[in-house]
Amino acid sequence: MDPKTGEKTRETLGRLIKRPPLTEKLLAKPPFRFLHDILTEVIKNTGFLEGLYSAEELNSQNVKDKESKVKFLQKAIDVVVFSTGVPVSCRPSKVVSGQEPEKTNEFLQTLAAAILKKKDSREAVGRVLNGEKPDPGNLAGSIGGGGEQKNKESSSSKRKEKEREI
């Protein structure tokens, strides 16, 4: 991983949390427990993501198997995407396997940017808890996303659908 990526994460996220320490080694290959600690500290310090996790999920001892780890990370990623309208290419299954540290850091930077820009995550948390998933090809449905692209894609897909019927 490029050291500049970890440095950018430290510069942005480090303004919001003091624990866990954002060391180069941990950011170069972030273990799940480290990410869990970051997210719970973000909630405590900023209120961002508040209400997203149950008390059980906030205790890292209860998030041990791969499936629960993936679910935990996916919820946070979805809230960040809904809150910012910015696509996040970080895949939780790869993160839990110790892969894609650059994309994991990009997610952490996007999370920090959302908080620093005073984005409100309450609506996004509600959407995620209601089972909504962001559409990576169309972030117009996100909070603050533009509707023009959605309309273009919608009419384009309707046109293609009608062409198939003919």
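Trainee: What makes Tyr53 count as buried?

Mentor: In this predicted model, Tyr53 has a relative accessible area of 8%. Buried means under 20%, so Tyr53 is buried.

Trainee: Where does Tyr53 lie, and which ring does it pair with?

Mentor: Tyr53 lies in the loop between H3 and helix H4 (55-58), and its partner Phe72 is in helix H5. The two are 19 residues apart in sequence, so the pair ties those parts together.

Trainee: Why is the pair of Tyr53 and Phe72 called stacked?

Mentor: Take the distance, then the angle. The ring centres are 4.0 Å apart, and rings pair if their centres lie within 6.5 Å. The planes are at 15°, and under 30 degrees counts as stacked, so the name for Tyr53 and Phe72 is stacked.

Trainee: How many aromatic pairs does this rule give?

Mentor: The count comes to two aromatic pairs. The other partner to look at is Phe32, whose ring centre is 5.7 Å from that of Phe72.

Trainee: What makes the pair of Phe32 and Phe72 edge-to-face?

Mentor: Their planes are at 80°. Over 60 degrees counts as edge-to-face, so that is the label for Phe32 and Phe72. This pair links distant parts of the chain, with Phe32 in helix H3 and Phe72 in helix H5, 40 residues apart. Phe32, Tyr53 and Phe72 form one aromatic cluster.

Trainee: Are Phe32 and Phe72 buried or exposed?

Mentor: Phe32 has 10% relative accessibility and Phe72 has 1%. With the cut-off for buried at under 20%, Phe32 counts as buried, and so does Phe72.

Trainee: Which residues make the contact between H3 and H5?

Mentor: H3 brings Phe32, Leu35, His36 and Leu39, while H5 brings Lys69, Phe72, Leu73 and Ala76. By class, the contact of H3 with H5 has six nonpolar residues, one polar and one charged.

Trainee: Why does Ile43 count as buried?

Mentor: The relative accessibility of Ile43 is 15%. That is under 20%, so Ile43 is buried.

Trainee: What about the phi of Leu49?

Mentor: Most residues other than glycine have a negative phi. Leu49 is not a glycine, yet its phi is positive, about 75°. Leu49 lies in the loop between H3 and H4. At a relative accessible area of 0%, Leu49 is buried.

Trainee: Where is Lys118, and is Lys118 buried or exposed?

Mentor: Lys118 lies in the loop between helix H7 (101-116) and helix H8 (122-129). Its relative accessible area is 71%, and exposed means over 50%, so Lys118 is exposed. Lys118 also has a positive phi, near 60°.

Trainee: How do you know that the peptide bond between Arg19 and Pro20 is cis?

Mentor: Look at omega, which is about -10° for the bond joining Arg19 and Pro20. Most peptide bonds are trans. Pro20 lies in the loop between helix H1 (3-13) and helix H2 (24-28).

Trainee: How many helices and strands does the whole chain have?

Mentor: The protein chain has nine helices and zero strands. Buried residues make up 41% of its 166 residues. Among contacts between residues at least 6 apart in sequence, 63% join residues at least 24 apart.

Methods: Residues numbered from 1 in each chain as written. Predicted model: local features only at pLDDT ≥ 70, side-chain atom pairs only at ≥ 80, totals over all residues. Heavy atoms only, no water. Contact = heavy atoms within 4.5 Å. Helix = DSSP H or I, 4+ residues; strand = E, 2+ residues; numbered from the N terminus. Nonpolar A, V, L, I, M, F, W, Y, C, P; charged D, E, K, R; others polar. Phe/Tyr/Trp six-rings, centres within 6.5 Å; stacked < 30°, edge-to-face > 60°. Buried < 20%, exposed > 50% of the residue type's maximum accessible area, 1.4 Å probe, protein only.
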